Amino acid sequence: VPPPSKRVILIVDDDHDVREAVADTLIEEGYEAVALADVPAALAYLRQQPLPGLVLLDWNMTPMNGLHFMAEIAKEPAWSGLPVVLLTADAKAPDKAQAAAFAGYLKKPVRLPELFRFAAQYSQ
Amino acid sequence: VAALHSEPRTRDELRDFVDTAAVGMHWVAADGTILWANPADYEPLGFAASEYVGHNIAEFHADRDVLADILRRLSRGERITDYPARLRCRDGTLKEVTITSSVLFDEQGRFLHTRCLTRMVPTAGDEHHPLGRQRAADALHLFIDNVQDYAMFLLDAGGHIETWNRGAKRIKGYEAGEIIGQHFSIFYTPEDIKASKPQRLLARAAAEMRVEDEGWRVRKDGSRFWANVVITALRDERGELYGFGKVTRDLTARRAMEDQARRLAEERAARSAAEAAEARVRFLADVGAALSASVDYDATLRKVAELVVPRLADWSTVFALDDEGVFRRRAVIVGDPAKAELAREYEQEFSPARHRAGQHLEVARTGKSVLLPVVERSLLESAAQNEEHLRVLDGLGVRSCMMVPLTSRDGVIGVLNLMRSEVGREYGAGDLVLAEEVASRAALAIENARLFREQRQIASELEAALRIRDEFLAIAGHELRTPLAAMLMQIESLQRAAGRTSEGQRLAERLAKAGAAGARLATLVDQLLDVSRIQAGSFSLDPRPMDLVALVRDVASRQSDQTPTVEIRLDADVGELTGLWDRERLDQVLTNLLSNAVKYGQGSPVEISLRRRGGEAVLEVSDRGIGISPAAQQRIFERFERAAASSDYGGIGLGLWIVRQIVEASGGRIEVRSQPGQGSTFIVSVPIGLEEEPARAAP
């Protein structure tokens, strides 16, 4: 298992424009960003690559949604400390974030100061 | 005396013959003295020979003038034959006889004596009456005297009362002693007396033998009774009037009974007429009620035909315009279950030819009803299109027929045909009036049903169109929003990157403008999404405890970031105002009001005031800009409405409508105070929704 790479922020969103915008913005701010389109790809990444400092996770995706991702995370002890921030337009985001042990949530459309706050908190 | 044989009869033989003769014989002298008589002459009168012979004949004649006439004639030498006369019996009763007589004169012409034969005139019952003549007469007297139910009495020729009976006393109230001798007009009313009715009745009785009258008469005590009166003239043998017999019945009770019976009959007739009228009204009301409940077009047509059976028709049909404008038979209703199959057959059958001809088309064309009280067989034959049609019509039975147009505002929409099958129940004018009243209600209901059907169609089409639009808006809004958000993030990120170098400043400024345009677009998309959510009813609030003062500061500072040149002043009487609200939605309300104030404020400072008033938070946003006219104030909270001309100010007129929806959904209200040219103040009041924390006691 490679050592964690805290500087990397993993973005999982099925909308190409959104994940690219978030990734581009973070890279522009000096972070390393990896943008992936679905949960299976994200799980595969986590198994093969160094553990990122932060995951930004969209909720509504197929074939697996945010909840499925969190369940997989919980099964793997190595991933136990991985902070995941929910990325959603849903008004019920705070409840969902709390219920599924997210580190926090970012309401879409994402406001840059909030994005940067999470980025600064969890990655170097 | 002519004799068969020449031998003279002995004196004794002659005596025997005369004494046993069935005819009365006597001789009367010129002075009237009865010289000789046989027993048949005096015994029937009840006299003995000694009481008769030797007496003057005048003692036995009831009518003096009759006797005088007889004597005068005989003295002149006349022979009288069967001359009617009345003799007085020993008991005072009279006996009718006929007298045949002549006078025996001597050679010198002197009156020796009369040769007189007296025959009794048989009176009814005399010979046959078991009591015998005399006792029959007595019984009759007794009978008349005792009759209670009839007043029976005699008047003299002048109308004076001569006899009285028990019935007369009972009916009229007078005793015999006080009434005999009085004039009978005493029984008449003053009006009748004034009109000479008593005299006229007597005159008529005298002329016609008998007169009958009904009318009011007066009793002794002055009360009146309804009388039936028969007056019979009494004449002697020669026709001389000597009086009147009068029979009076009291019909007061009968008349009262008749009156009552008539009154009862009248009442019954009136009641049955009223019941018939009521039944008509109820029938029409039932028709109205039944039809008003019906909104389905085809069901209404059928119901119209049903309602008239059996009250007004044995069977009925309704023709109505179909979609192609053809009057088509829409319903056939038959009361007789035995004919139901025939009716079904008739209803389902449709021959275009039949529907292009027929009297119903004439009714439809003219709009005038047709009443055929009796449908002759020949008429039916000519009306039928073919043998089959005639068979059906015969089967259903057409004795009498009415065709009534169903007329709406736009003209005739149908024809109601009513038929009766049986002889004796033919239609009349009254039936037609009722049928027309039914038809007018039916036409209204049919028209309503048609309008309802059209309206329902339009409504459902409209509903579908609206649903498609809202679905489109929701999908489009959602689909627009995501790439827009990605684009805005890219722009903002680029702006930050460009701003880091001095060469990039100009680029950063332009990216900021692109971002502002994008933000405006995002706001509009959000509004569209909100509208579709509110329309679809999926708009809901998520209230949580929050501090309104902090939110106001947030929104104000964001606005200041966007429009740094406009001063925003906050005036709050509390440092913190916590309530149960949907933070995002209240943010939206404040953002909208504040951006409006800046937009229409013409650069003037914008003031925000926040107060707690009872259980409410009251937020006011004021500018000193162009203001809003009173007329516009009424409609700015409506959808797609705006106070200012769209050429001067952008926006699609949804902002304030959404604000109002949010405020009202939060249980609050929004109002505006404004004067054109002096600015506007929007006041939002929302309930705090939390129990006020009890004031903490100072330690």
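I would like to begin with a single side chain, B:Arg119, which is partly exposed, with a relative accessible area of 41%. Please keep in mind throughout that what we are looking at is a predicted model. B:Arg119 forms a salt bridge with B:Asp82, and the closest N and O atoms of the two are 3.6 Å apart.

B:Arg624 and B:Glu607 meet through their side chains in a salt bridge, at 2.7 Å from N to O. This pair, too, links distant parts of the chain, since B:Arg624 is found in the loop between β19 (616–622) and α21 (630–635) of chain B, while B:Glu607 is found in strand β18 (residues 606–613) of chain B, 17 residues away. B:Arg624 is partly exposed at a relative accessible area of 47%, and B:Glu607 is partly exposed at 31%.

Chain B also has a set of charged residues that are joined in a network of salt bridges, namely B:Asp69, B:Arg72, B:Arg73, B:Arg76 and B:Glu78. Taken over all chains, the structure holds 51 salt bridges.

Now to chain A, where I would pick out the salt bridge between the side chains of A:Asp58 and A:Lys108, with 3.3 Å from N to O. Here A:Asp58 lies in strand β3 (residues 52–58) of chain A and A:Lys108 in the loop between β5 (104–107) and α5 (112–122) of chain A, so that distant parts of the chain, 50 residues apart, are linked. Are these two residues buried or exposed? Both A:Asp58 and A:Lys108 are buried.

A few words on chain A as a whole. Its secondary structure comes to 5 helices and 5 strands, and along the sequence these follow the pattern β-α-β-α-β-α-β-α-β-α. Chain A has 124 residues, of which 47% count as buried. If we take the contacts in chain A between residues at least 6 apart in sequence, 61% of them join residues at least 24 apart.

That brings me to the place where the two chains meet. The contact takes 20 residues from chain A and 16 residues from chain B. The area buried between chain B and chain A is about 1,500 Å², and carbon and sulfur atoms give 53% of that area. On the chain B side, B:Met489, B:Gln490 and B:Ser493 supply 32% of the area that chain B buries against chain A, which is more than any other three residues.

How many salt bridges are there between chain B and chain A? The count is 4 salt bridges, and one of the salt bridges in the structure joins the side chains of A:Glu29 and B:Arg500, at 2.7 Å from N to O. Across the interface of chain B and chain A there are also 4 residue pairs in polar contact, with both residues of each pair at pLDDT 80 or more. Helix α17 (residues 429–499) of chain B contributes 11 residues to the side of chain B that touches chain A, and this is the largest share. Sorted by class, that side of chain B has 8 charged, 5 nonpolar and 3 polar residues.

B:Ser400 is buried, with a relative accessible area of 0%, and a polar atom of its side chain lies 2.6 Å from the backbone oxygen of B:Pro373. Leaving aside residues up to four places away in sequence, B:Ser400 touches a set of residues including B:Leu372, B:Pro373, B:Val375, B:Leu418, B:Met419 and B:Tyr427, and the charged residues B:Arg420 and B:Glu426 also touch B:Ser400.

Finally, the cysteines. Over all chains the structure holds 0 disulfides. B:Cys401 is buried, with a relative accessible area of 4%, and B:Cys116 is buried as well, at 7%.

Definitions and conventions
Residues are numbered from 1 along each chain as its sequence is written. Chains are lettered from A and ligands numbered from 1 in the order in which they are written. This is a predicted model: local features need pLDDT of at least 70, side-chain atom pairs count only at pLDDT 80 or more; totals for chains, interfaces and linings use all residues. Side-chain values use heavy atoms; hydrogens and water are left out. Contact means heavy atoms within 4.5 Å. Buried area is the accessible area (1.4 Å probe) that two parts lose on being put together, summed over both. A polar contact is a pair of N or O atoms within 3.5 Å; within protein, one must be able to donate a hydrogen and the other to accept it, and residues adjacent in sequence count only if both atoms are side-chain atoms. Helices (H or I, at least four residues) and strands (E, at least two) are DSSP runs, numbered from the N terminus. A disulfide is a pair of cysteine sulfur atoms within 2.5 Å. Buried means under 20% relative accessible area, exposed over 50%, partly exposed in between (1.4 Å probe, protein chains only).
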